There are 2 protein chains.
Amino acid sequence: MLTLRAMNATLLRSLRYSTRRAASCTISFLLLAVTGLHAAGAGTVERWDRFEVTLHAPATGNPYTGPGLRADFSFEHRTVTVDGFYDGDGTWRIRFMPDAVGTWTWVTHSEIAALNGKTGQLICVPPSGKNHGPVAVSHVYHFAYADGSPYYPIGTTAYAWVHQGDQLEETTLATLKSGPFNKIRMCIFPKNYDYNKNEPQYYPFPRDAAGNNDYTRFNPEFFAHLEKRIDQLQSLGIEADLILFHPYDRWGYSKMPSDADDRYLRYVVARLSSFRNVWWSMANEYDLMKTKTMSDWDRFFRIVQESDPYSHLRSIHNSGPMYDHSKSWVTHVSVQSSDIDKAGDWLSQYRKPVVYDEMKYEGNIPKRWGNISAQEMTRRFWLATVSGAYAGHGETYLDPSDVLWWSKGGVLRGESPARIAFLRRILEDGPGGLNPTADRYYPNAGIEGEYYLYYFDVNGPAEYELKLPAGGKYRADIIDPWAMTIAPVAGTFEDKTKIPLPGKAGMALRLRRIH
Amino acid sequence: MLTLRAMNATLLRSLRYSTRRAASCTISFLLLAVTGLHAAGAGTVERWDRFEVTLHAPATGNPYTGPGLRADFSFEHRTVTVDGFYDGDGTWRIRFMPDAVGTWTWVTHSEIAALNGKTGQLICVPPSGKNHGPVAVSHVYHFAYADGSPYYPIGTTAYAWVHQGDQLEETTLATLKSGPFNKIRMCIFPKNYDYNKNEPQYYPFPRDAAGNNDYTRFNPEFFAHLEKRIDQLQSLGIEADLILFHPYDRWGYSKMPSDADDRYLRYVVARLSSFRNVWWSMANEYDLMKTKTMSDWDRFFRIVQESDPYSHLRSIHNSGPMYDHSKSWVTHVSVQSSDIDKAGDWLSQYRKPVVYDEMKYEGNIPKRWGNISAQEMTRRFWLATVSGAYAGHGETYLDPSDVLWWSKGGVLRGESPARIAFLRRILEDGPGGLNPTADRYYPNAGIEGEYYLYYFDVNGPAEYELKLPAGGKYRADIIDPWAMTIAPVAGTFEDKTKIPLPGKAGMALRLRRIH
């Protein structure tokens, strides 16, 4: 009888498939059995981690457009069908993110004989460390990880950071590591715009010498690089809000024929949906992509929804007119707007989380969307919070090398991230799921009878008279969102009461029930 | 032949009428002639100053509801009919504000024989000193004095200042004298509200011991006091934006029967329309006066419009829903709103000046409308200015004696008035009539090809690239509205150009064509 090691070596040689975990993750894998003519591979993978099956079949014709590959992953009476993808050099891969602890079996299906009928097992073990699973909508207006722990999106934006070469990309990761952000909006395609004229290191499609794209094929190197960065984000606890299309383009990616669009979407979802920290954003500023119609956007949503076995979060980002976020495939409202006071209407209208992903950028560039003050950025984060919504950051300070965080990443220079970190700590120290309360005399969000967070914005009352729910006693803290101080107010408060305040604009107030 | 002095004494005794100028103004008067059975009095009065005819007739019945008195003032082929009014103690007065230099003749008409058929002359001489005449709408969206000099409303609010007794009222006048304001919103009726529980010194109608009003009569002392204050405002160059009705009442004035409302309006207009610094505001927060209907407000406007020979400015102030300012009798949009960005829409919609008379109050009281910061008040003044609109100030700082400027007057404690004075100097140093320009990339108002005033609000660009009209050279100044500094930018600018800016939010920019 073969030893396991020998079995493994034999299988690798003779059947040319393997299971492995992507580069940045470690996985101990184990081959367990051979069933009939088919090889059965088994690995151990954490719940919500990535399991990968690698198969090999010589490419004939164009493997990106020919017969595909999929696998059924079964757990008890449930089966999840997952698309595989061609990764170049005769290599095919199937990636899977198990969502239940226990033993899963899998079997492949393909019209390509060498890829068909392969089977195996995987042992899904409980998550460890910071693995809380993917983020989904929770309690209508909020988010949570799959393990139930709350997730408060504190996003930033660096559209083209993965197209800047290793040195700058590593700098960006180091900045993110020490920053307050747990989500980043980033484009799959490279970007062409002011301050963004450099060529990317990798292109998503093969190109000829004249720069003509072959949209019928993909460039595996491009995606391997992207995947490495997404995994690095994951290790930092950062969700990758992946922007699938955007208008700032000189290579042709914004004007592909619709069959190329659709193939691109399916390929991306096949490659990336098993990354638990992925969100899908159909577009940045969809309305500026004049070659796409509304039915294109609807179709893109459906393709992603149909292809993604895990239902990662899906939205779309506007420049001017908003997409109709009431459509069923939209999981949350991702919006570009400086009108933070519309949050309440949108929450009521859509009954989905509202994320102000773009509220202009802290910075000093001539573009009017790119030069608000750190104070204003901080203010907008607080306004969004006490409106029951969430906010996103970005930064655009002029730089002699044109390295602006908003697009290329690099380092942060602004003064808002420290304040955003302060707000994040307050949120994480709270009960989560803050909704607008019935009493909106001053904007506040909270959980009735338990917790209230006020932000007074331009108002600077010297005292605040309010009626707290009968039967509870509350402690109050005066929060200075800019100075980043929290000062308890002496005494307790209950029923109809007056709370002394600093008489100074821009303050916040936290009320927490103590008994 | 009688000497003029003797004629005068004789006439005073026998005909019991006189011409005189109201208390605060001086006028040399001269009796010139007797025509037939009627006495002819003549005075010299400045254009837009007040000429007053005093007549006497013993009161029979209720002189406020019986036959009235009017006079026709004629200048060449033009006749202006003016209502007189009963001023108590058998005294009747007719007040007239001549608008043309030269000799006017007048004749009275009344069913009361002793008041009928009196005639006289007045010599209208050119205005002197700061007498520029009444303010009217100019160039669609703006204001000017009758002599053509521009008027930029820089208003404040002290609703009940004339009901506080002489000591505080004199303090208020002293504050106004040294302040930046050239308009004050003030109520005719006393006010009942938080911080406003004191009884007024005078009541507009006679009251019995139980406080029941006789709405069929007026209290001349009340009006004489009010008139004294309006004249004092005039001497300070301040327009009195008189609020005719308001909801904050415990005496009954907000719930009078409609015949009393109408009589009150006619009486007020007869007494006050000859004061050149009077504006008519039908109401403060008309929509909170639940006893009045929209047709009441329309009728009030019509009564004022029909009764006022001089067409003083007319508007009405809202709490929530705006009155329909497109109605023909509204001269300008007086609005309570913090949405300064609606100015452009309202200017387009109404084609009338827009005055943000209430944008909340600088202060620290618990009411959310009464505790914005001085920075925010300053910001709103600038936003209104660069939107082509005008703004009004108010202040509500808690006071141990409940003397809050917004209502009682007194002294100003805030930090915005100095900044408002700074803005006023900039406006007065400019060409006037600033309209929103076609290029709204950053909010600005100006006169195309001549003058531009930008306010960058939350934006802090480090440079601004713009296209100036070809053929002109401009100088630029960086204005700091809070620090109150004006710093010229080196060089001149023309055509498509870039102007270096401080890269700091809250700045303003002035561009002036030099050739």
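In the predicted model, chain A contains an open sheet of eight strands in the order E17-E16-E15-E14-E13-E21-E19-E18, with parallel pairing, where strands are DSSP runs (E, at least two residues) numbered from the N terminus and two strands pair if DSSP finds at least two bridges between them. Its edges are formed by strand E17 (314–315) and strand E18 (333–336) of chain A, each of which pairs on one side only. Within this sheet, strand E13 (residues 154–157) of chain A runs parallel to strand E14 (residues 183–187) of chain A and is joined to it by three bridges, with A:Thr157 standing opposite A:Arg185 in E14(A). Helix H3 (residues 220–235) of chain A lies across E14, strand E15 (239–245) and strand E16 (278–283) of chain A, at about 170° to E14(A); axes are lines fitted to C-alpha atoms, for helices over the stretch in contact (heavy atoms within 4.5 Å), and angles run from 0 to 180 degrees between N-to-C directions.

A further open sheet of chain A, with antiparallel pairing, has three strands in the order E10-E11-E12. Strand E10 (135–138) and strand E12 (150–151) of chain A each have a single partner strand, so one side of each is left without a neighbour in the sheet. Four bridges join E10(A) to the antiparallel strand E11 (residues 142–145) of chain A, and A:Ser138 stands opposite A:His142 in E11(A).

Between the chains, 25 residues of chain B are in contact with 25 residues of chain A. The two chains bury about 1,900 Å² between them, 48% of it on carbon and sulfur atoms, buried area being the accessible area (1.4 Å probe) lost on putting two parts together, summed over both. B:Arg368, B:Tyr441 and B:Val458 supply 31% of the area that chain B buries against chain A, more than any other three residues.

Residues are numbered from 1 along each chain as its sequence is written, and chains are lettered from A in the order in which they are written. Local features need pLDDT of at least 70 and side-chain atom pairs count only at pLDDT 80 or more, whereas totals for chains, interfaces and linings use all residues, and side-chain values use heavy atoms, with hydrogens and water left out.
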